[in-house]
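Trainee: I am new to this one. Could you show it to me and then let me ask about it?

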Amino acid sequence: DYHLLLLPSMLRQLVPQMYISFFLHIPFPSSELLRCLPRRKEILEGALGADLIGFQSPSYSRHFVSCCTRILGFPSDIIGVETNVTKVTVGIFPIGINAAAVEKAAFENPLVDEKVDALTRLYGGIKIIVGRDRLDTLRGVSQKLIAFERFLADFPQWQDKVVLIQVTSPTSIEGEAEDSGNRITNKISELVANINGTYGSLSFSPIQHFPQYLSQPEYLALLRAADIGLITSVRDGMNTPSLT
């Protein structure tokens, strides 16, 4: 993670012959954004202490090598960065999931089967959309709710025939600092209340919002019962909802 960007250089100073690999699972900014940081050179030089630097996607890898060239003046190409000491390899290593293990957990667990049956009975005849996100600005939860409201307005024939089950897990420590005044939480609650008030009734609410953690069986049951899984991150690296 970004907390460790300086670590490769520190390790290199302690053990010069060590082979060091560093993987950054979050987005890496463009040079226009990174150059706004007063310690931008130290951040890049810290990461360049590694022999191999990995990123989740090609765009983040491209941003990194571009920053090294534009900010540090080091020659670079799609393979890596040529420092004053060595050539640092830059690679793209998108992380997936163990699909076979997830499939087994989802379809060979009686507890999951029981929860799927309960959801099917509860929402019989209604299309189910499932979203599961951390409650911070990058996950796009408010944008998702606004889009769902627009869908109900533009296609009134779907009113009372589709439900959005949105689970918002408690956020990280960084997210709590960002939302210390509960601004994001309050905005989500307000959107849910407005949409349910406009398009819901005493017997049906188009949005079911659950601000809580889910156990793996609960989440797998939701995915099995759902017609659509809706992930709307604004900016993301390694997205973890599929990891359950």
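Trainee: Which residue is the bridge partner of Leu 24 in β2?

Mentor: Happy to start there. This is a predicted model, where local features need pLDDT of at least 70, side-chain atom pairs count only at pLDDT 80 or more, and totals for chains, interfaces and linings use all residues. Residues are numbered from 1 along each chain as its sequence is written, and side-chain values use heavy atoms, leaving out hydrogens and water. In β2, Leu 24 has as its bridge partner Phe 55.

Trainee: In which sense do β1 and β2 pair, and over how many bridges?

Mentor: Strands are DSSP runs of E with at least two residues, helices are runs of H or I with at least four, and both are numbered from the N terminus. Two strands pair if DSSP finds at least two bridges between them. Within this pair, Phe 23 stands opposite Gly 54 of β2. The sense is parallel, and β1 and β2 (residues 52-55) are joined over four bridges.

Trainee: What stands opposite Gly 54 in β4?

Mentor: β2 also pairs with β4 (residues 87-92), in the parallel sense over four bridges. There, the residue opposite Gly 54 is Gly 91.

Trainee: In what order do the four strands form the open sheet?

Mentor: The edge strands, each pairing on one side only, are β1 (21-24) and β3 (80-82). Neighbouring strands are turned by 20° against each other on average, direction ignored. The pairing is mixed, and the order is β1-β2-β4-β3.

Trainee: At roughly what angle do helices α6 and α10 cross, and what is the handedness?

Mentor: Axes are lines fitted to C-alpha atoms, for helices over the stretch in contact, and angles run from 0 to 180 degrees between N-to-C directions. The axes of α6 (residues 110-122) and α10 (residues 216-225) come within 8 Å and cross at roughly 50°. That makes α6 oblique to α10, as angles under 35 degrees count as roughly parallel, over 145 as roughly antiparallel, 65 to 115 as roughly perpendicular and the rest as oblique. The crossing, judged by whether the near helix is turned clockwise from the far one by less than a right angle, is right-handed.
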